[in-house]
Amino acid sequence: METAPKPGRGVPPKKDKLQAKKKKPRRYWEEETTPTAAAASPGPPQNKKRNRELRPQRLKNNYITKKSRISKKPQVPKKPRERRNPEPQRSLSGAQDPFPGPAPVPVEVAQKFCRIDKSKKLPHSKSKTRSRVEVAEAEEEEISVKAARSELLLAEEPGFLEGEDGEDTAKIRQADIVEAVDIASAAKHFDLNLRQFGPYRLNYSRTGRHLAFGGRRGHVAALDWVTKKLMCEINVMEAVRDIRFLHSEALLAVAQNRWLHIYDNQGIELHCIRRCDRVTRLEFLPFHFLLATASETGFLTYLDVSVGKIVAALNARAGRLDVITQNPSNAVIHLGHSNGTVSLWSPAVKEPLAKILCHRGGVRAVAVDSTGTHMATSGLDHQLKIFDLRGTFQPLSARTLPQGAGHLAFSQRGLLAAGMSDVVNIWAGPGKASPPSLEQPYLTHRLSGPVNSLQFCPFEDVLGVGHNGGITSMLVPGAAEPNFDGLESNPYRSRKQRQEWEVKALLEKVPAELICLDPRALAEVDVISLEQEKKERIERLGYDPEAKAPFQPKPKQKGRSSTASLVKRKRKVMDEEHREKVRQSLEQQPQRQEKKAMPLGSRPSALDRFVR
């Protein structure tokens, strides 16, 4: 009688899953595995002790059974032994990193982000001060290396307009540039025909996304010039002399014929500041929340827009003020005067910080680049000059123009634009921190009316020109910084992000008293004054209090080491040392008087009694 086969006996064995899998291709960083080594351990491990350790411990009455509850010796974790020839670090998959360690950073790139000068050291500094300085230098070096490494991740690179062999780029027209670029860049070139209310003054926001312009006959408008979406448009029925965005695109300052007015992005008037009257030009300092106004009466007024108070009202004593600009690096205001000088002002000082004689005639326009190292001026003598602001205030280059430039503007990468009647000339330099070369213009463009305002758009290769016929947006390749900081000036931020940024900016507002020519001097130590104060203190006390380490009393028991008793003991020892120093100085006084006595052989005089 045949029996049924038991399950599993007559069935052919299944193939192992590991053998059924295809062999993975070997990467270039993986080592070759021999088939003998792979086949040597196909089954489970043979070490029985290891299997016991991997099994879960049996529970008895829901507690783990142990030999003894209290260990006789304290269990100290053993340090792993260091191997002499350590193997290269591998990942979980066993692959070896072909490029171990952090990415190397060139020294020149890291030096560009370094902010501490290690050559300057404090004389006679204490050990605690030295340790703090060393920690600060180490942190600064680490931060500069991180910044240099993150610079490699910047996606955009600055472009530039290059002609063929022997071709002059100044002869290239805007229409040719528009045909050569993509559709998105070509849409940034446009003309607004507004002849009825001109001439116009314009201003871009810090993010470069919004544009505000105001006409001499009262027309005020603000729009998102990228999408051409109009934010507001009003007519103030009064002459508009200048217009400026405040810390964000939600507030707008307009210098009208009589007073200064503040509007929001819907065109609603919020404030009328009557203490700022007859204003001709406006400048806004974003990190200090200060609105600087220049008036016909010759006053330079600083208005703190965060609290609505006037910080300072300075009389320049130079007549009408209609030429004003700011230094973006140190927030110093530059004023041009009719006697050919340019004065530098700070709200903390009532007198100008410096005066520079620039031209033989009146100054018509002033501009300072983004690095704060070069200043461009133009005057009635038809001269265009570039000055060095790094302490020397000497002219670096000069050029005579057929017509005096009435308006000047620097771009983020150092390009200089000058408006002469209805022509705009742009000069370029070899780099961002170098002055532009005035020999040959980079671009030239002719407008339909005389130029009344110039400004480069931040983070866009665009130059905005306000003239009698309206507004013109020019394409200037290589003018702007291609990469923006999303935490500082984000063109694509939402309303919620803008509100959060305003709160952080108000908390980090820089006081107006800190505006000076050299902002790095605020973090340095005045070594000369420190040595002089130390010398005067030693002469006044009769001894050097820092020559000996201070007395530290030893602790005592039974409540005799309280704070009051320690202070008393310190005071007692200090008084004893002071008495000893005074006693020594009194003993040395007769010796000094004997040295000052007259030499032997000279006749005494009746006036010797007055000698001390």
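I took a salt bridge to be a side-chain nitrogen of Lys or Arg within 4 Å of a carboxyl oxygen of Asp or Glu. With that in hand, I opened the model, which is a predicted one.

**Entry 1: salt bridges**

I looked up E351 and R317 to begin with. Their closest N and O atoms are 3.9 Å apart, and the pair counts as a salt bridge because the cut-off is 4 Å. E351 sits in the loop between β18 (341-345) and β19 (354-357), and R317 in the loop between β15 and β16, so this bridge ties together parts that are 34 residues apart in sequence. R317 has a relative accessible area of 62%, so I noted R317 as exposed.

Next I turned to E296 and R320, another salt bridge, where the closest N and O atoms are 3.1 Å apart. This pair also links distant parts of the chain: E296 is in the loop between β13 (290-295) and β14 (299-304), while R320 is in the loop between β15 and β16, 24 residues apart.

Then I checked R493 and E249. They form a salt bridge too, with 3.4 Å between the closest N and O atoms. The two residues come from distant parts of the chain, 244 residues apart: R493 belongs to the loop between β30 (470-475) and α8, and E249 to the loop between β8 (240-245) and β9 (251-256). Are these two buried or exposed? I found R493 buried, and E249 is buried as well.

I also wrote down a network of salt bridges that links R201, D242, R244 and E283. For the structure as a whole, I have 19 salt bridges on the page.

**Entry 2: backbone angles**

R317 is in the loop between β15 (309-315) and β16 (324-326).

F393 was my next stop. Its phi is positive, about 55 degrees, although F393 is not a glycine. I placed F393 in the loop between β22 (383-388) and β23 (395-400). With a relative accessible area of 22%, F393 is partly exposed, because the buried class ends under 20%.

I then looked at the peptide bond from G198 to P199 and found that it is cis, with omega near -5 degrees. P199 lies in the loop between β3 (190-193) and β4 (200-204).

**Entry 3: α9 and its surroundings**

How well does the length of α9 agree with what its residues should span? At 1.5 Å a residue, the 15 residues of α9 should span 21 Å, and its end C-alpha atoms are 21 Å apart, so the two agree. After α9 comes G542, with a positive phi near 90 degrees.

D526 itself is in the loop between α8 (495-507) and α9 (527-541). I noted D526 as partly exposed, with a relative accessible area of 46%.

A nonpolar surface patch is made by V525, V527 and L530, which together have about 220 Å² of accessible area. V525 is in the loop between α8 and α9, and its relative accessibility of 44% makes V525 partly exposed.

**Entry 4: a look at L270**

Last, I looked up L270, whose place is in strand β11 (residues 269-277). L270 is partly exposed, with a relative accessible area of 41%. I also took a C-alpha distance: L270 and L252 are 18 residues apart along the chain, and 9.7 Å separates their C-alpha atoms.

Methods. Residues numbered from 1 in each chain as written. Predicted model: local features only at pLDDT ≥ 70, side-chain atom pairs only at ≥ 80, totals over all residues. Heavy atoms only, no water. Helix = DSSP H or I, 4+ residues; strand = E, 2+ residues; numbered from the N terminus. Buried < 20%, exposed > 50% of the residue type's maximum accessible area, 1.4 Å probe, protein only. Expected span 1.5 Å × (residues − 1). Patch = residues over 30% accessible without salt bridge, like charges linked within 9 Å, V, L, I, M, F, W, Y side chains within 5 Å. Areas by Shrake-Rupley, 256 points an atom, 1.4 Å probe, with all protein chains shown as cover.
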